Amino acid sequence: MTAMEKQKSESPIEGLLEEKRLFKPSDEFRAQANVNDPKIYEEAAKDREAYWAKQAERLHWFKKWDKVLEWDPPFAKWFIGGKLNASYNCVDRHFKSHRRQKPAIIWEGEPGEQRVLTYEDLYYEVNKFSNVLKNLGVKKGDRVTIYMPMVPELAIAVLACARIGAPHSVVFGGFSADSLRERINDCQSKIVVTADGGYRRGNFIPLKDNVDEALKNAPSVEKVVVFQRGEDKKKVNMHKDRDYWWDELMEKAETYCEPEPMDSEDMLFLLYTSGTTGKPKGIVHTTGGYMTGVTTTTYMIFDIKEDDIYWCTADIGWITGHSYVVYGPLSNGATVVMYEGGPDYPDKDRFWRIVEKYRVTIFYTAPTAIRSFMRWGIEYPRRCDLSSLRLLGTVGEPINPEAWIWFHKYIGNEKCPIVDTWWQTETGSILISPLPGIVATKPGSATIPIPGIEADVVDNYGNPVEPGQGGYLVIKSPWPSMLRTIYGDEKRYIDTYWSKYKNMYFPGDGAKKDEDGYFWLLGRVDDVINVSGHRIGTMEVESALVDHPSVAESAVIGKSHDIKGQCIVAFVTLKEGVKGTPELENELKLHVGKKIGAIAKPEKIYFTAELPKTRSGKIMRRLLRDIAEGRILGDTTTLADPTVIERIKSQYTDKE
């Protein structure tokens, strides 16, 4: 073998962990599934444009498109010449149908309040707030920043922006004033919609204070609308001629606002995603393609039915909330549960109480949440009646096989299919996931690309890798809900996603494909550790650790090593009642070696009570790397609990 051949054959990431368990859809589930004919994959692959055109017909169009796709890599236009409105598709067409009195949003507030909005209620609220925005001078094309807690008014504000053609930029309520300012200034928002505050674990978080701080240096903002969530308006600092109360503006607003006919390629929203370096990227999504993607995937993957009670636990401040709390479910006429608050307040059974209370049938959450549930113990779900559940889903990062099995056994009662979904802010909608009426699932695998998506795993040179070998995930052809650009920075769009491989989208994730063509996501490629020339995905080591009966959760990073280049360091959270000892540390190292191989054994394991996470539940491995390498900590504004990282830092420093 020549040096070049050897280099070409090298896998970017080692594919190590094996998982053989297979779970087929039950005959009963398959029979009733929205999609249960495997031929759909063949038909979609044969003519992708015709397939996506057929899916786009799920939507209401004021004017049908003239051409399905214009592809000038890396720029795509879908459903060219078509006119539609996202708000009309989510609200008006249900208001005009048998769904008028059907619950659209069932909302539970953290202190215990509850509200139900029917599609009729939602219709009038969205129309009125659309007129509020217009009365404040918002025109088609003006950007509106929304910074709110998880209350129905957040969904109303989103849909009102869509109705009048004003792209919304939702900023997660856990972000700091600095982060908010940066996002406002990048897109030059004209209006900010916020609330006086929101509830989190018994505390009232004063969001309006952050807005005031952010606007000290955000000259584009002319008006601020404030929803009252707290008990006393008098305690809120309102700026004369700039700040207005939501309820006072709504009282004067007309109850009908004509929906703006939007071109299929008109911007629907901007959503900022953090880059590993530099300022956040404003991901641009357009109307026709995005709505086609989220409407289709909600129907097919979540198997949504007329009588389902659907709950996605994500905050609308993230893409999962945009696509699978608001636009996807509502365009399908679903009943959506919205919850403001944490999963462990006032007790660790809060999610299961909500499932029991509203008879939730479809439950979509993050692996980090599932691992927390595992750590707390099965007594909490066992307190509640979860028999209404018929489908489970996971999102946000790869799920460890053992967390998958726990979810299947203790939440799904071994009868609910699990749809493990891979996608990202940039893809707009789910791209890899089982269709639950067709595809057998394997714990830890997102299975196969959905119909109409062409994905693969390739090496450094863009060549497909052998089954079982690790590589880079790529999407080889355009799809309707793909991002169109990074706002105001076309070059960054090309450099970030399209420069590694010619005409293939590179999402930045490592993956492997097994002999059955199933995809196994191995985490971000910047989460790959190079140990003595072996490239090991953090996900596989974390899965091996969580497989041990004492471990609830783990985060694995690479640390510089004089001999190996990098060594593996693990931060481990143990299950309730288990103590971290040197003996257990050694046992865990041996366990990883047995599951994966000696090369993957951690050099050091640190036992920690908590791991640093964002409010959306993602582990911030970047900060753990900063600690391990003795660097100054990077941006910590998105941490749910900033004290966690300080405790780990002091513990790590003490032991070094």
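Two strands pair if DSSP finds at least two bridges between them. With that in hand, welcome to this structure, which is a predicted model: local features need pLDDT of at least 70, side-chain atom pairs count only at pLDDT 80 or more, and totals for chains, interfaces and linings use all residues. Residues are numbered from 1 along each chain as its sequence is written, and side-chain values use heavy atoms, with hydrogens and water left out. Helices (H or I, at least four residues) and strands (E, at least two) are DSSP runs, numbered from the N terminus.

**The sheet of 7 strands**

- Let us begin with an open sheet of 7 strands, whose order is β5-β4-β17-β16-β18-β19-β20 and whose pairing is mixed.
- Its edge strands are β5 and β20 (418-420), each of which pairs on one side only.
- From one strand to the next, the twist averages 15°; axes here are lines fitted to C-alpha atoms, for helices over the stretch in contact, and angles run from 0 to 180 degrees between N-to-C directions.
- Strand β16 (residues 309-312) runs parallel to β17, and 3 bridges join them.
- Within that pairing, Trp-311 stands opposite Val-337 in β17.

**Strand β4 and its neighbours**

- Strand β4 (residues 103-108) is largely enclosed by the rest of the structure, because 5 of its 6 residues are buried; buried means under 20% relative accessible area, exposed over 50%, and partly exposed in between (1.4 Å probe, protein chains only).
- On one pairing, β4 runs antiparallel to strand β5 (residues 114-118), with 5 bridges joining the two.
- The hairpin of β4 and β5 has 5 residues between the strands, and Gly-112 takes a positive phi near 120° there.
- β4 also pairs with strand β17 (residues 335-339), in the parallel sense and over 4 bridges.
- Glu-108 stands opposite Gln-114 in β5 and opposite Tyr-339 in β17.
- Helix α13 lies across β4, β5, β16, β17 and β18 (362-365), and runs at about 145° to β4.

**Aromatic rings**

- Rings of Phe, Tyr and Trp (its six-membered ring) pair if their centres lie within 6.5 Å; planes under 30 degrees apart count as stacked, over 60 as edge-to-face and the rest as tilted.
- A search of the whole structure finds 45 aromatic pairs.
- One of them joins Phe-227 and Trp-246, an edge-to-face pair at 5.8 Å centre to centre with 80° between the planes.
- That pair ties together parts that are 19 residues apart in sequence, because Phe-227 lies in strand β11 (residues 223-227) and Trp-246 in helix α10 (residues 246-252).
- Phe-227 counts as buried at 13% relative accessibility, and Trp-246 is buried with a relative accessible area of 4%.
- Tyr-339 and Phe-351 form an edge-to-face pair, because their ring centres are 6.1 Å apart and their planes stand at 85°.
- This pair links distant parts of the chain, with Tyr-339 in strand β17 and Phe-351 in helix α13 (residues 350-358), 12 residues apart.
- Tyr-339 counts as buried at 6% relative accessibility, and Phe-351 counts as buried at 6%.
- One aromatic cluster is formed by Trp-311, Tyr-339, Phe-351, Trp-352, Phe-363, Phe-373, Trp-376 and Phe-407.

**The sheet of 4 strands**

- Here you will find an open sheet of 4 strands in the order β21-β22-β24-β25, with antiparallel pairing.
- Its edge strands are β21 (455-458) and β25 (519-524), and each pairs on one side only.
- On average, neighbouring strands of this sheet are turned by 45° against each other, direction ignored.
- Strand β24 (residues 509-513) pairs with β25 in the antiparallel sense over 5 bridges, and Asp-509 stands opposite Arg-524 in β25.
- Helix α18 (residues 538-546) lies across β24 and β25, running at about 105° to β25.

**Charges over rings**

- A charge sits over a ring if NZ of Lys or CZ of Arg is within 6 Å of the ring centre and within 35 degrees of the ring normal.
- Lys-442 lies over the face of Tyr-518, at 4.6 Å from the ring centre.
- The charged end of Lys-512 sits over the ring of Trp-520, 6.0 Å from its centre.

**Helix α4**

- In helix α4 (residues 48-56), the buried residues are Tyr-51, Trp-52, Ala-53, Gln-55 and Ala-56.

Conventions: Contact means heavy atoms within 4.5 Å.
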